[in-house]
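Biologist: I would like to learn how to read a protein structure one feature at a time. Could you take me through this one slowly?

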Amino acid sequence: MLPLTHIFIASNMTYRITAPNKVDALINLPASKSISNRALIIHALSGGATTPENLSHCDDTDVMRAALSNMPDVIDIGAAGTAMRFLTALLSTTEGQHTITGTERMKQRPITVLVDALRKLGADIEYEENEGFPPLRINGRQLLGGELQMPGNVSSQYVSALLMVGAVLQRGLTLHLTGKVISRPYIDLTLSMMRHYGAEAAWEADNTITVKSTGYQDRPFLIENDWSAASYWYAIMALTADDSSTVSLPGLFDGSQQGDSVVRFLYSMMGVKTSFADGGVVLTKHASNLPRIDYDFTGTPDLAQTLVTTCCALGVKFHFKGLSTLKIKETDRIEALRTELGKLGFAIEERNDSELLWDGERHEPAADTRIDTYNDHRMAMAIAPMAMKLGPVCINNPEVVTKSYPDYWDHLRLAGFSIEEL
């Protein structure tokens with residue numbers, strides 16, 4: 001079993017982050033967690049020996065690697081939602097009996113849609129505690145496959161989980177998605193990776209995907225670096241007051257199928273220029289006077305926290321939609337943002353459980369402005385750059401960043417940030 005080197009354990013640690021006046025840094029970002037976890041599942045289904053290159057070394061990928069290398073009777077994936085969804089599908093189509101479980105928060109994150117879909121394909125899955133939620137008891141076996149219908153407005157990870165196992169089902173899989181399809185870029189990423197490994201998988205209509213029963217071929221695969229992690233450096237560049245600041249980020253490519261690569265277009269409106277050179281990007285400053293931004297995050301919800309905090313620090317009003325999935329992430333990210341930014345004096349409004357608005361309203365900061373992270377890596381990483389504009393920011397339980405970006409605080413230090421443990 002591979003060691004889980006970055007599993008987060010809650011503590012009373014608090015970091016005080018002080019920003020530099022200027023940023024000039026070369027940052028080697030982590031590999032993409034989204035691509036790593038898909039590559040590991042497809043690699044396992046291929047039965048091949050060629051391990052994907054440049055795998056992420058974060059919590060979510062570590063637990064996936066450990067589970068696949070050892071396949072214990074009880075698989076504890078901690079807080080890794082991707083691992084829960086993808087492994088549930090893989091275990092359902094693999095001979096053997098397993099229980100898959102996670103943190104208390106994971107046991108509150110619904111999985112009914114995926115379990116119901118797999119059961120319709122013949123999977124033997126039972127809820128061990130509360131109906132509709134992990135932990136799950138799975139008796140894996142060969143499944144026939146066929147046609148399946150499921151809502152498109154739920155986590156795209158459910159869809160990706162089904163698609164990846166579709167190639168090893170006896171009859172393949174035809175998946176009909178009803179209603180609005182969210183996080184479509186992540187589905188497209190899955191299909192592209194499946195095709196790289198020899199599967200025949202494609203959209204047949206606007207809401208229908210067909211996967212043929214081809215299985216997978218053992219092929220080398222290089223994982224690119226993470227555009228989601230890059231978003232925090234875009235925020236830092238947007239917030240720095242020094243126009244000569246620059247950040248180089250190797251391993252990011254033009255034409256990337258990571259949905260979060262759209263971050264370069266969003267931040268171009270807030271004064272960050274992206275130049276592709278030498279196998280990566282270079283971020284520089286340009287003039288911007290953006291008064292307001294309206295955007296629908298349906299395709300890229302993981303960028304929402306970064307954009308919200310950047311806009312608040314810059315004084316840019318916003319109306320963000322397509323945030324429904326934020327309520328079932330590591331925490332209720334909508335409420336967490338409102339609460340923690342409220343401590344800093346920003347009055348953010350929520351609408352329809354899926355929208356956040358800010359009209360520029362400010363109030364007196366709280367007496368205690370230490371930011372709680374709710375075991376959510378993106379809360380810590382999105383708020384830290386605000387120190388560029390607001391002065392020192394204090395963040396509780398900063399270790400949560402190991403879920404996706406273990407070197408985050410070291411990289412901030414490399415860029416000139418002062419990080420003091422209180």
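This is a predicted model: local features need pLDDT of at least 70, side-chain atom pairs count only at pLDDT 80 or more; totals for chains, interfaces and linings use all residues.

Biologist: Which residues of α1 meet α2?

Modeller: From α1 come Lys33, Ser36, Asn37, Leu40, Ile41 and Ala44, and they meet Asp60, Thr61, Met64, Arg65 and Leu68 of α2. Sorted by class, the contact of α1 with α2 has five nonpolar, three polar and three charged residues. As a general idea to keep beside such a list, an α-helix has 3.6 residues a turn, so residues three or four places apart point the same way.

Biologist: Is His43 buried or exposed?

Modeller: His43, which is found in helix α1, has a relative accessible area of 13%, and because buried means under 20%, His43 counts as buried. Leaving out residues up to four places away in sequence, His43 touches Gly48, Ala49, Thr50, Thr51 and Pro52. His43 and Tyr197 are 154 residues apart in sequence, and their C-alpha atoms are 8.3 Å apart in space.

Biologist: Now a sheet, please: in what order do its four strands stand?

Modeller: The general idea is that strands of a sheet pair through backbone hydrogen bonds, either parallel or antiparallel. In this case four strands form an open sheet in the order β14-β15-β17-β16, and the pairing is mixed. The edges are held by β14 (292-296) and β16 (349-351), each with a single partner strand, so one side of each is left without a neighbour in the sheet. On average, and with direction ignored, neighbouring strands of this sheet are turned by 15° against each other.

Biologist: In which sense do β14 and β15 pair?

Modeller: They pair in the parallel sense over five bridges, β15 being residues 317-321, and the bridge partner of Tyr295 in β15 is Phe320. Helix α9 (residues 304-314) lies across β14, β15 and β17 (355-358), and runs at about 165° to β15. Helix α10 (residues 333-343) also packs on the sheet, where it touches β16 and β17, and its direction makes about 160° with that of β16.

Biologist: Finally, which residues touch the most other members of the largest nonpolar core?

Modeller: In soluble globular proteins, nonpolar side chains tend to be buried together. Here the largest nonpolar core has 71 residues, and Trp233, Leu249, Phe318 and Trp409 touch the most other members. Helix α7 (residues 227-239) supplies the largest share of this core, eleven residues. Another core, of 64 residues, lies apart from it and includes Leu114, Leu121, Met150 and Ile223.

Terms used
Residues are numbered from 1 along each chain as its sequence is written. Side-chain values use heavy atoms; hydrogens and water are left out. Contact means heavy atoms within 4.5 Å. Helices (H or I, at least four residues) and strands (E, at least two) are DSSP runs, numbered from the N terminus. Ala, Val, Leu, Ile, Met, Phe, Trp, Tyr, Cys and Pro count as nonpolar, Asp, Glu, Lys and Arg as charged, and the others, Gly among them, as polar. Two strands pair if DSSP finds at least two bridges between them. Axes are lines fitted to C-alpha atoms, for helices over the stretch in contact, and angles run from 0 to 180 degrees between N-to-C directions. Buried means under 20% relative accessible area, exposed over 50%, partly exposed in between (1.4 Å probe, protein chains only). A nonpolar core is a set of buried Ala, Val, Leu, Ile, Met, Phe, Trp, Tyr and Cys residues joined through side-chain atoms within 4.5 Å.
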